[in-house]
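Here are my notes on the model, as numbered points. Please read them with the structure open.

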Amino acid sequence: MATATKYIGKPLKRKEDPRLIHGLAHYVDDLVLAGMLHAGFVRSPHAHALIKFVDTSKAQSAPGVVAVLTAEDVRGQIGAVPCAAVLPDMKAAPRPVLATGRVRFVGEAVAVVIASDRYALRDALDLVDVDYESLTPVVDPEKAISKGAPVLHEPSPDNVAYRWELEGGDIKKAFKQADKVIRQRILNQRLVPVAMEPRGVLAEYKPGEKTLTVWSSTQIPHLLKTQLAAMLGAPEHSVRVITPEVGGGFGSKLNVYPEEAVIAHLAMRLGRPVKWVETRRENFLCTIHGRDQIGDVEAAVTKDGVLLGVKWRIVADLGAYYQLLTPLIPTLTGLMLAGCYKVPAIRIEIIGALTNKMSTDAYRGAGRPEATYYIERLMDLIAAELKKDPAEIRRKNFPQPKDFPYATPTGVTYDSANYQKSLDLALQKSGYAKLRKEQAKLRKQGRYLGIGLSTYVEICAMGPSSAMPAGGWESATVRVEPTGKVTILTGASPHGQGQETSFAQMGAEILGLTPDDVHVVHGDTAAVPYGIGTFGSRGTAVGGTAAYKSLIKLRDKLAQIAGHLMGEDPQKLVFGDGRIWSKSAGNKSIGLIEAIGAAYVAKTLPPGMEPGLDATTFFEPSNFTFPFGAHVCVVEIDAETGDVRLLKYVAVDDCGNVLNPLLVEGQVHGGIVQAVGQAMFEEAVYDEHGQLITGELMDYALPRAGALPWMETHRTVTPSPVNPLGVKGVGEAGTIGATPAIINAVVDALAPFGVRHVDMPAKRERIWKLMHEAPPRRAPRAPAKAAARRQAGRRAK
Amino acid sequence: MIPAPFEYHAPKSLEEALRLLDRHGDEAKLLAGGHSLLPMMKLRLAAPRFVIDLGRLKGLDYIREEQGMIAIGAMTTHAEIENSSLLRAKCPLLSETAAAIGDVQVRNRGTLGGSLAHADPAADYPASILALEAQMTMNSSMGVRAVDAAEFFLDMLTTQLRPGEILTEIRVPALGKGTGAAYCKLSQPASGYAVVGVAARVTLAAGKLAQIAVGVTGVGPKAYRAVNVEDALRGKKASEKLLAEAARHAARGVEALADLHASAGYRSEMAAVFTRRALERAVARAAGTKA
Ligand SMILES: Cc1cc2nc3c(=O)[nH]c(=O)nc-3n(C[C@H](O)[C@H](O)[C@H](O)COP(=O)(O)OP(=O)(O)OC[C@H]3O[C@@H](n4cnc5c(N)ncnc54)[C@H](O)[C@@H]3O)c2cc1C
């Protein structure tokens, strides 16, 4: 890339913001079609039950009701929910779009009601009478895979969906040589993605033209189109998927859901447009959840803290069915379990467990936050055990910059990194040494400051097709219009990431225009060439590269034309200020519009050149990218309540080259906030009956602005060699890096109480109990207080 | 999120509202700010056939001083209470409590009357209303009656209000010199409601705790006066130690609630912590040592 840039690398404000801020954008719920009907789903209140009988008669005859359908009515007409993951020995757990004979989680759709308006619809939903015979649910994944548990799906009588095993290096030797073996159980609780906009689908079928158009709040319009065609048996060329504005996805919309197929089917069946918009309660119950793993680690280390080998056993709760990538996500955890360290030997066993809960699937970070959390907790456990500084332990185990590309024992190759540099910068910017002094001073006063570190690496820019279930490339078409405006059609499907801005910056830079001259189109399968979508921090690294390559193709073509018109060597032309300049001859230039005109009018083109200005690239990356960074978090714990207050957060992230630092910062901030959510507040709790007891925002605690510290963001820049832009991706880094930094800070604060691990979320009562079960070892003032409070508690009970 | 069908009425006067209430009896619900009622209706946990909106009714939205008391109309919003210069000067406890409720949107819509009539066990006002020994005025077509705050809250979501009655006015004392009060709250992280909320009001005379009232919300099924704390303090000289010891009685005899966010034991412990904090702050304010 050029060294001095006009737009690339500049903090331009987002082009998409004004329409969002002014309320002029259109989400699925804003779309209204003539004759549109409304659909709603009758959902199971049971976690596990047989469906004995569904009586739809009362609902059928209710005012405004057009139809009520059950599984029986769509039998053979809509295929099962697709799962793209293929793993060795994976057992089938297919999900019918409407529950067939049996329900396996609370919220599973049993019937669909279609009515002329939302009010009639809502009333009619209560009139569908479903007779259930309840079965014993299995909620705990470890119980699910133990003997005698109720069985969810016949093909896996032990509720084990699969076992995924990986071994690298000589693990036996590692443990034989170890000075110390460190063990810990580490939980990654279940989370609800809670995108601000719930899911929504609108479908319209035109019987004359035989075209089906589906508007869906999705991250993967093209894959959805293909899957819908397959599920409905419709010719794919007649199916068009459009994503209007998508109000957040975080992976929860990287999926194909039953409702998408059912609504499309209804539009075809009834010959009228049909819309469904998810309620918040439905969003909690039946949009995919994230995380939910139980990790057990055993690490072999030397007395100096050098890692010799690590054994991991992970039980991943997959829920009741496979959604698009359900079984695959835990294996991403497996791939990243070496973290940013030299791990000579590793053994990993991952067991996918089926339970009577909503499916888990990709949620921001998708498997990597889990891995990073495990390994970063482990590094702190090692440091605590050996009484060494956590920064020192990390540094000791980093590969050196010269070791890159670096192959891990899990079989991936990290592209480029300088872990030492990002850690040093984070320590310096946070004033780490001073913080430690401050901490020691405060402890003497009975105040508990905690300093947490996390040095992470993640796997991004998903990815080479060889490693992806459904292709890992991305497409982009760039069109220079006759009036000199530029359209970039991208197969990526941005929904908040800001690529309408960053791709426009690229277009402006390369063609010598302004970002206002460049318009980015995405999310319409009839307009945009086939693409894969936006997830796995791939939008810029893969989709952006495709756009870049198409832009270069057009720039080269325009240079050829201009060279021909000017009688200059095309190689010696530069683009800027809407003109094409000759580097050799004085200030000679022609307007870009002249070259564009020549391409369209096609009278003065170089001999043999095709008219038009349209270039398409399908970019296939050679590898993933591996962004990394170092985060420092400072907390203080209120000993009386157990409340954790975040005092300070310093993030150093390396996502390679940066197209727009404002967008990068936004992604980092948002990612950290979501990590604060997991570390401190959020948990999806199912009770023993399989009821989701955190099914609304009055119980499921999201992080609020008031709970957040000042976030300081810094960067190191290690360009990725796997794409010409040198970018790595930053969509998930914050979430991946921050969770362990926060918990490490909490555990560090509790060190005087002999605490070595705290499970997430670090809820105040949990912390308070830890502090009051064991009086602090060193702080002289607090024990008396703690004892007094314990007494008070006894009296109060 | 659509409620069951209902008939909507917007009476222009209290008399008209009372007539409607008489006519529709059990099947009617009063609508104030709607921030408790509407969510319940949308979730279909409540399905009144008639909704009587007090929002168009004039004369229930005021804050004024009357004979050493401050009279507050039931339809006064949390935001108005938070920002009232009269309350801030003469009964800042209520403004402090209002400021601790929900967020700006909730405070702009929710009303004092609605919150008290709803009697959510985790609502903030009840603690302060008890500590202030407020008087509640209720109107019905039969006439007007007033009860003390201590008698108003009967149980979870249950008050003295009888069918056909509207809570119309809440009277709180103007706090004089030598009196200090404070509201301290531990918020539930998701809803923002009180896990524990403690309001303390103390009057110092000759260096002693002459008058003392402590209201506790969030801990039990209804807000209550922590009489054991009050008894342990009355007539004594305030000290850090005394306040801490007395505060330990905050949840004595109360069957504490338990939920995902706080077990019964933890709630009781936090009742003690927040009672001590509220007392310390109230005493400091009474003594004029801290704002
Ligand atoms: C997101 C959110 C967060 C919140 N956080 C808090 C919080 O932190 N702390 C807190 O205390 N509260 C909180 N609330 C509740 C809020 O304060 C409500 O506004 C309040 O509890 C009810 O007041 P309202 O005016 O909205 O009453 P409504 O919802 O209109 O009515 C509530 C009930 O009282 C009855 N009623 C109303 N007015 C009268 C009257 N004058 N006479 C007789 N009966 C009457 C109604 O019939 C209904 O049964 C929160 C609410 C929301 C939505």
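1. A:Thr483 sits in the loop that joins strand 19 (474–480) and strand 20 (486–490) of chain A; helices (H or I, at least four residues) and strands (E, at least two) are DSSP runs, numbered from the N terminus. A:Thr483 is exposed, its relative accessible area being 62% (buried means under 20%, exposed over 50%, partly exposed in between, with a 1.4 Å probe and protein chains only). Between A:Thr483 and A:Ile596 there are 8.0 Å in space, C-alpha to C-alpha, and 113 residues in sequence.

2. This is a predicted model, in which local features need pLDDT of at least 70, side-chain atom pairs count only at pLDDT 80 or more, and totals for chains, interfaces and linings use all residues. Residues are numbered from 1 along each chain as its sequence is written, chains are lettered from A and ligands numbered from 1 in the order in which they are written, and side-chain values use heavy atoms, with hydrogens and water left out.

3. The average pLDDT (the predictor's confidence in each residue, from 0 to 100) of chain A is 95, and 97% of the residues score at least 70. Over residues 779–797 of chain A pLDDT stays under 50, and the model has 24 contacts beyond four places in sequence for them (contact means heavy atoms within 4.5 Å). Where pLDDT is low, the predicted coordinates should not be read in detail.

4. In helix 20 (residues 764–773) of chain A, the buried residues are A:Arg764, A:Glu765, A:Ile767, A:Trp768, A:Met771 and A:His772. They lie on the same side of helix 20 of chain A, because they cover an arc of only 160° around the axis (the arc is that of the directions from the helix axis to the C-beta atoms).

5. Helix 11 (residues 368–386) and helix 12 (residues 390–397) of chain A pack at about 115°, with their axes 8 Å apart. Axes are lines fitted to C-alpha atoms, for helices over the stretch in contact, and angles run from 0 to 180 degrees between N-to-C directions. Residues of helix 11 of chain A in this contact include A:Glu376, A:Met379 and A:Leu386, and those of helix 12 of chain A include A:Pro390 and A:Arg394.

6. Helix 1 (residues 14–24) of chain B has buried residues, among them B:Leu14, B:Leu18 and B:His24. The buried residues of helix 1 of chain B pack against strands of chain B, including strand 1 (7–9) and strand 10 (166–173). B:Arg19 and B:Arg23 are exposed on the face turned away from the buried side of helix 1 of chain B. B:Gly25 follows helix 1 of chain B and has a positive phi, near 50°.
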